[in-house]
Amino acid sequence: GDTQLPGESPTGSFDLILGSEILYLKDQHLNLLRTIKAFSSPTTCTYLLYKHRNLSEIDFILLAREAGFKVKKVPTTTLDPEFQNDGYTLILLVLDSRTTNPQDCGST
């Protein structure tokens with residue numbers, strides 16, 4: 001479902017949002033999602049890269065879905081070889097109201 005995040009307000013949007021190693025502070029997940037959503041439109045593609053450390057990364061993904069995002073894991077074969085076998089995960093977030101497919105975000 002689409003959960004309204006506290007403090008949401010419409011702002012400008014970007015086509016692409018990138019983040020790396022920013023999912024480990026569970027108490028900041030809502031703030032991160034609020035920021036991503038504030039700068040997203042139905043055509044925004046958000047990519048987040050993280051190394052799996054069991055530090056609430058999965059909790060972020062569940063919360064993102066509750067907040068109205070589709071979340072897709074990007075195949076590791078699309079990553080740079082340096083990151084393919086070292087426990088890294090790349091996820092794609094798009095608004096659930098998106099009128100186009102997540103595949104339109106490039107080579108995913």
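I began with the charged pairs, and the structure holds three salt bridges. I count a salt bridge when a side-chain nitrogen of Lys or Arg lies within 4 Å of a carboxyl oxygen of Asp or Glu. Side chains of opposite charge can pair when their charged atoms come close.

**Ground rules.** I am working with a predicted model, where local features need pLDDT of at least 70, side-chain atom pairs count only at pLDDT 80 or more, and totals for chains, interfaces and linings use all residues. Residues are numbered from 1 along each chain as its sequence is written, and side-chain values use heavy atoms, with hydrogens and water left out.

**Confidence.** I checked pLDDT, the predictor's confidence in each residue on a scale from 0 to 100. The protein chain has a mean pLDDT of 84, and 81% of its residues reach 70 or more. I then looked at helices (H or I, at least four residues) and strands (E, at least two), which are DSSP runs numbered from the N terminus. Confidence is lowest in helix H3 (residues 81-84), with a mean of 85, and highest in strand S1 (residues 16-20), at 95.

**Salt bridge one.** I found Arg-53 and Glu-21 joined through their side chains at 2.9 Å, N to O. This pair links distant parts of the chain, 32 residues apart: Arg-53 is in the loop between S2 and helix H2 (57-66), and Glu-21 in the loop between S1 and helix H1 (29-38). For accessibility I use buried for under 20% relative accessible area, exposed for over 50%, and partly exposed in between (1.4 Å probe, protein chains only). Arg-53 is partly exposed at 40%, and Glu-21 is partly exposed at 29%.

**Salt bridge two.** Next I looked up Asp-59, which pairs with Lys-26, the closest N and O atoms being 3.0 Å apart. Here Asp-59 sits in helix H2 and Lys-26 in the loop between S1 and H1, 33 residues apart. Asp-59 is partly exposed, at 32% relative accessibility.

Lys-51 and Asp-86 meet at 3.6 Å, N to O. Lys-51 belongs to strand S2 and Asp-86 to the loop between H3 and S4, so this contact ties together parts that are 35 residues apart in sequence. Lys-51 is partly exposed at 22%, and Asp-86 is partly exposed at 36%.

**Disulfide.** I searched the whole structure and got one disulfide, defined as a pair of cysteine sulfur atoms within 2.5 Å. It joins Cys-45 to Cys-105, with an S to S distance of 1.9 Å. Cys-45 is in strand S2 (residues 45-51) and Cys-105 in the segment after strand S4 (88-95), 60 residues apart. The torsion about the S-S bond of Cys-45 and Cys-105 is about -85°, so I noted the disulfide as left-handed. Both ends are covered: Cys-45 is buried at 7% relative accessible area, and Cys-105 is buried at 13%.

**Strand S4.** My last stop was S4, where eight of the eight residues are buried. Tyr-88, Leu-90, Leu-92 and Val-94 lie on one side, with Thr-89, Ile-91, Leu-93 and Leu-95 on the other. In a regular strand the side chains alternate between the two faces of the sheet. I call two strands paired if DSSP finds at least two bridges between them. S2 and S4 run antiparallel and are joined by six bridges, with Tyr-50 partnered by Thr-89 in S4. Strand S3 (residues 69-74) also pairs with S4 in the antiparallel sense, over six bridges, and there Val-74 stands opposite Leu-90.
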